[in-house]
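Morning, everyone. Please have a look at the sequence and the model before I start.

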Amino acid sequence: MIGPCALCQHERKLCRSHVLPEFMYAKSYDENGTFISLSSHPQRKPRPFQVGAREHMLCSECEGRLSVYEAYSADLLRSIDAIPYQGQKGAEVEYDYHRFKLFGLSLLWRSHVSRLHDYQRFSVGPLAEDMRRMLLADDPGSARMCPFTAARFVGSEAAQHTIHVPVNLKLNGQHVVFFPAFGYQWLFVTSRRSHSIPDSWPLVGFTDKLVVPFEPTTDARFMAWLKSKMTPDLLN
Ligand SMILES: [Zn+2]
């Protein structure tokens with residue numbers, strides 16, 4: 001399929017891609033290669049969820065741009081997964097701000113530009129154009145430009161398998177976006193007033209090392225938490 005690439009905006013042959021990068025779906029397949037535990041509505045039985053579908057979004061050159069951040073971040077997240085949980089509050093690891101920040105931005109931006117049904121209600125508004133330019137220019141921006149955190153869920157299999165469309169919320173007066181994917185809770189601050197974020201928040205780029213909080217939970221608590229964060233208009 002030929003069309004405008006969402007990133008470079010040139011008319012190109014477009015690749016068929018998942019909304020989120022391929023590796024993030026790996027934990028959501030069982031040993032038989034069947035997609036599991038995916039639902040946009042935790043109160044209903046899991047159903048095949050559009051989040052696993054593919055769409056024509058990027059040209060191969062732009063896929064290549066983002067794959068640099070993805071390959072790095074996949075290794076980084078797997079190394080964090082390998083840290084044994086012994087009741088500690090989290091981990092601090094060496095990391096490359098440049099690639100991990102752009103990886104985080106790419107997750108939010110890809111969810112914004114997706115035309116798949118389940119993503120239709122999700123938007124980051126005008127911030128999407130800033131993100132597109134940053135991704136195209138390979139520019140991670142300052143730490144306070146759309147900062148995020150990824151907290152590792154421990155103790156819940158369901159949390160490992162669940163990928164959810166991002167949800168817009170308010171937290172301590174800030175506009176935030178959250179979603180679970182790859183066994184992590186991803187939380188982005190999308191407020192324009194991000195200069196007022198307390199320095200103590202463990203956000204990517206706020207500290208020399210990457211701070212990864214650990215979130216102990218159970219399957220029941222994880223599902224209840226997911227339900228509590230859902231906005232009613234997403235329950236369709
Ligand atoms: Zn492109």
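**Confidence first**

In this chain, confidence is highest in helix α2, at a mean of 97, and lowest in helix α5 (residues 219-229), at 85. The score behind those values is pLDDT, the predictor's confidence in each residue, from 0 to 100. This is a predicted model, so local features need pLDDT of at least 70 and side-chain atom pairs count only at pLDDT 80 or more, while totals for chains, interfaces and linings use all residues. Residues are numbered from 1 along each chain as its sequence is written.

The chain averages a pLDDT of 86, and 85% of the residues score at least 70. Two stretches stay under 50. One is residues 36-50, for which the model has 33 contacts beyond four places in sequence. The other is residues 232-236, with six such contacts. A contact here means that two residues have C-beta atoms, placed from the backbone, within 7 Å. Where pLDDT is low, the predicted coordinates should not be read in detail.

**The chain overall**

How many helices and strands does the chain have? There are five helices and nine strands. Both are DSSP runs numbered from the N terminus: helices are H or I of at least four residues, strands are E of at least two. Along the sequence the pattern is β-β-β-α-β-α-α-β-α-β-β-β-β-α.

Of the 236 residues, 35% count as buried, meaning that 20 or more other C-beta atoms lie within 10 Å of the residue's own. Among contacts with a separation of 6 or more, 72% are between residues 24 or more positions apart.

Two strands pair if DSSP finds at least two bridges between them. Strand β2 (residues 11-18) pairs with β3 over four bridges, in the antiparallel sense. One of the bridge partners in β3 is His-56, which goes with Arg-16.

**Two helices**

α1 (residues 60-81) packs against α2 (residues 97-113) at an angle of about 105°, with the axes 8 Å apart. That makes the two helices roughly perpendicular, a label for angles of 65 to 115 degrees. Among the residues that meet are Leu-66, Tyr-69 and Leu-76 in α1, and Phe-100, Leu-102 and Phe-103 in α2. By class, this contact has eight nonpolar, two polar and two charged residues. Nonpolar covers Ala, Val, Leu, Ile, Met, Phe, Trp, Tyr, Cys and Pro; charged covers Asp, Glu, Lys and Arg; the others, Gly among them, are polar.

**The sheet of six strands**

The other open sheet I want to show has six strands in the order β4-β9-β5-β8-β7-β6, with mixed pairing. Why is one side of β4 and of β6 left without a neighbour in the sheet? β4 and β6 (167-171) stand at the edges with a single partner strand each, so one side of each has no neighbour there. The twist averages 30° from one strand to the next.

β9 (residues 210-216) pairs with β4 (residues 90-93) in the antiparallel sense over four bridges. Gly-90 has Pro-213 as its bridge partner, and Glu-92 has Val-211. With β5 (residues 148-154), β9 pairs in the parallel sense over three bridges; there, Val-154 stands opposite Pro-216.

How values were computed
A residue is buried if 20 or more other C-beta atoms lie within 10 Å of its own, exposed if 12 or fewer, and partly exposed in between; C-beta atoms are placed from the backbone. Axes are lines fitted to C-alpha atoms, for helices over the stretch in contact, and angles run from 0 to 180 degrees between N-to-C directions. Angles under 35 degrees count as roughly parallel, over 145 as roughly antiparallel, 65 to 115 as roughly perpendicular and the rest as oblique.
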